[in-house]
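Please look through the sequence and the model shown below, and keep both at hand while reading the report that follows.

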Amino acid sequence: MVSLAGDFHNFTQAVRRISAPDGSEYFEKPRTLFWERLFFGFDSPLKKYFKGMDEPIFNLKIKFLDESRQGSVEKILAEDNPTLNEDKIRNFGFLLGYCYVFGLQDLHKENLLMTKTGLQVIDLETVFANFVLPNETLLLPFKDTTFERSGLGALFKSNNEISPKNVFTLLEGFISSLVMIEKNIDQILKDIELATEGQKIPVRIILRDTRKYRHWKTITFDPPLFDEELVQLERGDIPYFFKYIGSEELYYYTHLDKSHISVIAPDYFREKLTRIAVEPSVLLKSSKIKSALFPNGTLVILKKLMPSGFTGHHAFSEFEIFVSREKYSVSSSWGRFEASR
């Protein structure tokens with residue numbers, strides 16, 4: 001049995017959910033699965049660097065059908081009656097750190113699945129974004145992405161449910177992820193460069209919230225929809241744009257055979273375009289993890305999630321976190337950083 005799942009893109013193509021006669025299920029996706037395989041595949045070349053934390057991350061079993069790396073993803077067993085525990089909270093923090101460093105975007109609740117070990121990313125199209133804040137992954141609330149729709153919304157219904165202990169547990173996972181990546185950064189970069197060498201793999205650029213596109217005939221857009229958006233909307237598609245790693249050009253498909261042309265997007269989107277699909281060698285640096293991602297990420301998590309009125313101290317490994325009435329501070333061999341409450 002075949003059923004459609006998800007929105008139409010690129011000449012009304014959509015993900016197909018297929019139930020085989022033997023009872024197995026899988027999803028066919030009419031686009032490249034290269035990025036899902038690289039960052040979350042069961043046979044990902046990155047998996048070996050995350051011993052002990054690999055099971056919650058690398059669960060996607062992917063089969064490529066052709067040279068374009070279109071293919072199918074085997075259905076993952078979801079947890080029917082998920083129960084929240086410390087491991088799942090720690091694993092969420094680990095996933096947050098992992099996606100923050102690699103610039104993996106658009107990871108709201110709809111693109112995740114709860115399994116027995118934690119949240120698994122099942123849909124990834126936007127990679128190597130030069131993030132400032134961990135919220136930009138959408139695993140945390142950000143701009144139009146509410147708490148409920150964010151990845152964190154798969155664990156908690158609201159901020160009010162999150163205890164200080166939960167925040168510290170999440171931070172243990174978050175910092176552990178950064179430590180593992182920083183420790184292996186040179187080899188990770190080599191493996192990514194080897195996997196992508198000579199390849200032109202599209203990186204999707206999401207210019208506007210898909211939910212707004214679905215109501216394009218009845219709402220006002222600011223800035224107004226531009227020509228290449230309207231062409232796709234009028235043919236029944238949610239607009240799909242993409243770039244290649246390290247390129248400034250933006251493209252969209254003009255024919256079903258994947259023919260494409262470049263797009264001159266309004267200046268309003270220019271900053272976003274320059275921050276996505278950045279060369280991995282520019283993005284992945286030990287110094288950036290230590291001096292920018294670690295303090296920015298840790299302090300933002302504390303400011304956004306720690307219950308008001310709490311004061312206390314938490315230490316694990318070589319890291320210490322202090323919460324006073326006036327400020328948050330984190331300390332390790334990477335430095336000491338502070339932010340006011």
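## Two crossing helices

How do the axes of helix α2 (residues 86-102) and helix α3 (residues 164-183) cross, and within what distance do they come? In this predicted model, the two axes cross at roughly 40° and come within 7 Å. An angle between 35 and 65 degrees counts as neither roughly parallel nor roughly perpendicular, so α2 is described as oblique to α3. The crossing of α2 and α3 is right-handed.

Residues on both helices make this contact, including I89, F92, F94, L96 and Y98 of α2, and on the side of α3 the list includes L170, F174, L178 and I181.

## Helix α9 on its own

Helix α9 covers residues 286-305, and its 20 residues should span 28 Å at 1.5 Å a residue, which agrees with the 27 Å between its end C-alpha atoms.

## The loop between α5 and α6

The loop between α5 (210-213) and α6 (227-234) holds F226, and P223 is found in this loop too. The peptide bond that leads from D222 to P223 is cis, with omega near 0°.

Is F226 buried or exposed? Since its relative accessibility is 9%, and buried means under 20%, F226 counts as buried. Leaving aside its neighbours within four places in sequence, F226 is in contact with L207, R208, F241, V263, A265, P266 and F269. Of these, P266 lies 40 residues from F226 along the chain, while the C-alpha atoms of the two are separated by 7.6 Å.

## Two lysines with positive phi

K143, in the loop between β7 (118-121) and α3, has a positive phi of about 50° although it is not a glycine. With 76% relative accessibility, K143 counts as exposed.

K258 is placed in the loop between β10 (250-253) and β11 (260-263), and its phi is near 80°, again a positive value in a residue other than glycine. At 25% relative accessibility, K258 counts as partly exposed.

Terms used: Residues are numbered from 1 along each chain as its sequence is written. This is a predicted model: local features need pLDDT of at least 70, side-chain atom pairs count only at pLDDT 80 or more; totals for chains, interfaces and linings use all residues. Side-chain values use heavy atoms; hydrogens and water are left out. Helices (H or I, at least four residues) and strands (E, at least two) are DSSP runs, numbered from the N terminus. The expected span of a helix is 1.5 Å times one less than its number of residues. Axes are lines fitted to C-alpha atoms, for helices over the stretch in contact, and angles run from 0 to 180 degrees between N-to-C directions. Angles under 35 degrees count as roughly parallel, over 145 as roughly antiparallel, 65 to 115 as roughly perpendicular and the rest as oblique. A crossing is left-handed if the near helix is turned anticlockwise from the far one by less than a right angle, and right-handed if clockwise. Contact means heavy atoms within 4.5 Å. Buried means under 20% relative accessible area, exposed over 50%, partly exposed in between (1.4 Å probe, protein chains only).
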